[in-house]
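Here is a briefing for a first look at this structure. Please read it with the model open beside you.

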Amino acid sequence: MVPRLIVFSGAGEIGGNKIFLEDGHVRLWLDFGTPFSRHKAFFNEYLRPRSTRGLWDLLALGLLPPLYGLYREDLALPRLWERFAGRNLQRDHGPAVDAVLITHAHLDHMGDIAFLDPGIPLVMSPMAAAVARAMQVTSASGFMHEWCYLTKRVWDEGSGTLQAEKGAPYQGRRFDLLVDSVPPELQTWWLHPPGRSRGLNGPPPEPFSGRVGDRRVRWWPVDHSIPGAVAFAVETRAGWVAYTGDLRFHGRERAASERLQADWEQMGIAVLLCEGTRLGESTQVTEEQVCETALELTRQAEGRLVIADFAPRNLERFQTFLEVARQTRRCLVIQPRDAYLLEATACVSPAFREIHQDSWIRLRNDPKARPDPWEQDLRERWRNRMVEPSEISKDPGAYLLCCSLLDMNDLLDIDPASLEGGLYLYANSRAYDEEQAVDLERLRQWVRHLGMRMEGDPDDPHARPLHASGHAGEDELAAFVRAVRPRMLVPVHAERPERWREILRGTNIQVWIPEPGQPIPIG
């Protein structure tokens with residue numbers, strides 16, 4: 001059988017990439033993300049998949065591909081696979097697939113690994129693994145967030161439901177990291193149980209061998225809006241199959257994406273799976289421009305409180321506002337989940353270890369009746385770096401506060417006179433769906449009520465640039481693909497994949513528009 005690809009998710013949609021590559025006896029996945037646009041068609045913050053039914057809801061709604069042997073056995077109801085008959089991937093020995101190659105720790109690329117058999121190796125960068133584990137520790141508990149370790153479920157005959165096994169140790173997943181040796185700090189933190197009353201069983205993370213089965217795998221760091229992002233290439237019998245994940249050429253790590261392009265130009269790529277999030281858009285704002293604008297606006301707000309709103313794991317944006325805080329001599333006040341993420345990244349990177357220890361960073365004291373154990377421990381470690389709302393009220397011009405819509409309630413603890421006339425820097429992307437548009441309008445209402453001024457509103461045509469996209473624009477993508485010259489291009493992570501046929505007209509590059517679940521022969 002010739003090598004083949006199957007794009008189960010990520011075809012004609014942004015995110016949710018699940019790309020299956022099969023070459024002889026070797027099987028692997030390129031990302032295994034959550035398709036949020038299709039999830040939102042059925043669910044919201046109140047209506048969610050039922051944990052007591054395991055995989056049932058997700059299979060019934062077509063949000064997971066029906067592939068027997070791929071998923072956790074403890075999430076399978078009796079007779080589940082009689083109802084949702086699909087391809088049987090089960091093998092006589094070992095996991096159903098050889099590996100899942102994860103490009104980065106955004107949930108639309110790795111969110112659905114929560115449902116996979118924990119014996120399947122997850123291959124990613126050490127930074128991506130650290131970010132993923134930090135996300136799980138600081139997220140609400142539940143089977144949809146079990147990306148790094150899991151609580152086993154057992155079938156309760158009396159209630160006809162799946163129930164969490166109480167008191168049992170967490171079960172860790174297998175991680176193969178893209179590094180020659182796992183940093184000792186990461187190893188120690190990884191093996192520490194995430195809770196106080198339960199242990200953690202499972203293998204420690206190991207270095208990736210560079211092969212999946214007998215197929216060679218190469219990887220490259222790329223420029224994206226989250227640290228630890230990589231692109232992959234897998235050597236098949238038909239040649240190299242390359243996958244960009246998400247990338248750009250206008251962030252601080254643009255040189256990494258340029259090195260990727262230079263290498264792929266020399267490799268003779270047979271098939272290129274390329275993202276196309278911003279096809280049809282070419283305007284670029286660089287992170288340096290964001291920093292310049294934020295610095296200018298913050299200087300103009302001398303003596304007043306400044307709030308920075310940006311995506312929670314966009315650590316490049318975090319570094320931008322840390323630089324703004326230093327230059328304007330303000331303390332950068334962060335949320336507990338941000339502090340925990342900084343600690344996680346410090347286990348991997350000396351650069352983030354230095355950021356974590358920066359004297360300008362403070363932790364906002366967020367009063368809670370019963371903080372989660374991770375937050376209780378975090379507060380103890382940061383006890384000498386805490387800031388109270390009363391301190392911000394006394395000298396608002398001394399602080400740059402990081403928060404978002406979900407933190408608006410906490411601003412009510414600050415003296416209203418200290419908020420009046422303050423500056424709210426919205427350094428996020430535009431709303432991509434109705435739900436996000438409603439949230440953005442809700443945020444505007446909060447800012448107006450607090451008497452602050454918003455800058456960076458994405459719907460204001462006169463707004464100063466405060467957001468650099470995590471994705472390359474059409475001009476950058478077109479130049480990249482033309483330079484790499486693959487024999488075949490398979491567009492993923494794009495709402496308008498057919499646009500590639502116009503872009504590549506006159507070249508010898510075949511454009512294959514994938515259909516969800518349909519094989520693409522690459523021999």
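Helices (H or I, at least four residues) and strands (E, at least two) are DSSP runs, numbered from the N terminus. L419 is found in one such run, helix α15 (residues 416-419). The model is predicted, so local features need pLDDT of at least 70, side-chain atom pairs count only at pLDDT 80 or more, and totals for chains, interfaces and linings use all residues. Residues are numbered from 1 along each chain as its sequence is written, and side-chain values use heavy atoms, with hydrogens and water left out.

**The open sheet**

- Seven strands make up an open sheet with parallel pairing. Two strands pair if DSSP finds at least two bridges between them.
- The strand order is β23-β22-β21-β24-β20-β25-β26.
- Which strands stand at the edges? They are β23 (386-387) and β26; each has a single partner strand, so one side of each is left without a neighbour in the sheet.
- Strand β21 (residues 331-334) pairs with strand β24 (residues 399-402) in the parallel sense, over three bridges. Within this pair, V333 has L401 of β24 as its bridge partner.

**Strand β25 and its two partners**

- On one side of the pairing list is strand β20 (residues 306-309), which pairs with β25 in the parallel sense over four bridges. V306 stands opposite L423 in β25.
- β25 also pairs with strand β26 (residues 453-455), in the parallel sense and over three bridges. Here the bridge partner of L423 is R453 in β26.
- Between β25 and β26 the chain crosses through helix α16 (residues 434-449), and this β-α-β crossover is right-handed. Right-handed means that, with the strands pointing away from the viewer, the path from the first strand over the helix to the second runs clockwise.
- Where do the side chains of strand β25 (residues 423-426) point? L423 and L425 point one way, Y424 and Y426 the other way, and all are buried. Buried means under 20% relative accessible area, exposed over 50%, and partly exposed in between (1.4 Å probe, protein chains only).

**Helices across the sheet**

- Helix α9 (residues 315-328) lies across β20, β21, β22 (361-364), β24 and β25. Its direction is about 145° to β21.
- Helix α10 lies across β21 and β22, at about 100° to β21.
- For these angles, axes are lines fitted to C-alpha atoms, for helices over the stretch in contact. The angles run from 0 to 180 degrees between N-to-C directions.

**Buried leucines**

- L341 sits in helix α10 (residues 336-346). L341 is buried, at a relative accessible area of 5%.
- L341 and V131 are 210 residues apart in sequence, yet 6.6 Å apart in space, C-alpha to C-alpha.
- Leaving aside neighbours within four places in sequence, L341 is in contact with V131, A134, P312, R313 and L315. Contact means heavy atoms within 4.5 Å.
- L419 of helix α15 is buried too, with a relative accessible area of 2%.
- L419 and L450 are 31 residues apart in sequence and 6.2 Å apart in space, C-alpha to C-alpha.
- With neighbours within four places in sequence left aside, the contacts of L419 include L305, L411, I414, L450, G451 and M452.

- K18 lies in strand β2 (residues 18-23). Is K18 buried or exposed? K18 is buried, with a relative accessible area of 1%.
- The K18 side chain reaches the backbone oxygen of G33 at 2.6 Å. A polar contact of this kind is a pair of N or O atoms within 3.5 Å; within protein, one must be able to donate a hydrogen and the other to accept it, and residues adjacent in sequence count only if both atoms are side-chain atoms.
- D23 forms a salt bridge with R215, the closest N and O atoms being 2.7 Å apart. D23 lies in strand β2 and R215 in strand β16 (residues 215-221), so the pair ties together parts that are 192 residues apart in sequence.
- Both D23 and R215 are buried.

**Other salt bridges**

- A salt bridge is a side-chain nitrogen of Lys or Arg within 4 Å of a carboxyl oxygen of Asp or Glu. By this rule the count comes to 39.
- R364 and D366 meet in a salt bridge at 3.8 Å, N to O. R364 counts as buried at 7% relative accessibility, and D366 at 8%.
- E441 and R448 form a salt bridge with the closest N and O atoms 3.1 Å apart. E441 is partly exposed, with a relative accessible area of 38%.
- E441, R444, R448, D457 and D459 are linked in a network of salt bridges.
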